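Q: Could we go through the helix packing in this model, and then the backbone geometry?

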Amino acid sequence: MNKELFIKELEKLKITPTDLQLEQLEKYYEILVSENKKYNLTAITTKEEVYLKHFYDSLTIIKIIDLTDQSLCDIGTGAGFPGIVLKIFYPTLSITLVDSTLKKCNFLNYVIKELKLNNIKVLNKRAEEFAKETREEYDIVTSRAVAPLKHLLEYSIPLLKVDGTYIAMKSDISKEIENISNYEHKLSIKQEKIIKFNLPIEKSLRTLISYQKLKPTNIIYPRKYNEIKKKDI
């Protein structure tokens with residue numbers, strides 16, 4: 001995806017990028033490629049693929065939710081997708097980026113400084129540990145291709161305010177949503193929307209699935225990591 005096509009596809013999402021935003025993305029790309037040699041942040045490094053599979057893909061979350069003046073937590077953000085891209089295009093968002101890998105957090109802080117982004121912070125924590133100490137704080141929690149959906153729900157729902165929205169950014173989730181009803185019951189959530197679409201050019205499948213939080217999460221969730229892996233709720 002070249003820059004011209006990127007802009008054209010963003011118009012379909014009702015996004016008109018400013019010159020500053022395009023400059024920030026370009027700088028982000030340059031930093032990503034440069035630092036990737038040290039940190040192995042992503043296997044996707046060509047400009048066309050980064051613009052398609054990281055930048056454009058991150059922005060597709062707006063197909064399912066309005067991001068205006070919201071607080072958002074990006075779990076397992078990695079090299080900053082979708083969180084940093086969303087901050088560039090939605091500067092009124094208050095964003096927390098959470099990742100368990102220190103080198104990635106160092107990279108994220110460097111990008112934030114170089115792009116002069118405000119009201120965005122980076123936390124070097126495991127998701128389940130962060131969710132134990134931070135309850136009902138965010139309007140939106142999201143994660144992009146990080147872990148199985150049922151694990152992500154247990155990590156993420158405690159972080160949400162009541163009536164807040166969790167959004168998983170996935171590929172094919174047909175198997176992941178099987179036998180998920182017990183998670184919905186125990187975590188006091190309900191599925192809101194599922195949106196499926198194909199990325200431009202390569203036509204790979206993408207799925208956005210959102211859940212609404214109905215009431216405060218039981219303090220027993222999330223469980224410890226080993227328990228989450230071994231046994232369903």
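**Helix packing and backbone geometry**

A: H2 passes H3 in a right-handed crossing, where right-handed means that the near helix is turned clockwise from the far one by less than a right angle. Helices are DSSP runs (H or I, at least four residues), strands are E runs of at least two, and both are numbered from the N terminus.

Q: What is the basis of the model?
A: This is a predicted model: local features need pLDDT of at least 70, side-chain atom pairs count only at pLDDT 80 or more, and totals for chains, interfaces and linings use all residues. Residues are numbered from 1 along each chain as its sequence is written, and side-chain values use heavy atoms, without hydrogens and water.

Q: At what angle do the axes of H2 and H3 cross?
A: The axes of H2 (residues 19-39) and H3 (residues 47-59) cross at roughly 110° and come within 11 Å. Axes are lines fitted to C-alpha atoms, for helices over the stretch in contact, and angles run from 0 to 180 degrees between N-to-C directions. H2 is therefore roughly perpendicular to H3 (65 to 115 degrees).

Q: What is phi of Lys116?
A: Phi of Lys116 is near 55°, a positive value in a residue other than glycine. Lys116 counts as exposed because its relative accessibility is 67%.

Definitions and conventions
Angles under 35 degrees count as roughly parallel, over 145 as roughly antiparallel, 65 to 115 as roughly perpendicular and the rest as oblique. Buried means under 20% relative accessible area, exposed over 50%, partly exposed in between (1.4 Å probe, protein chains only).
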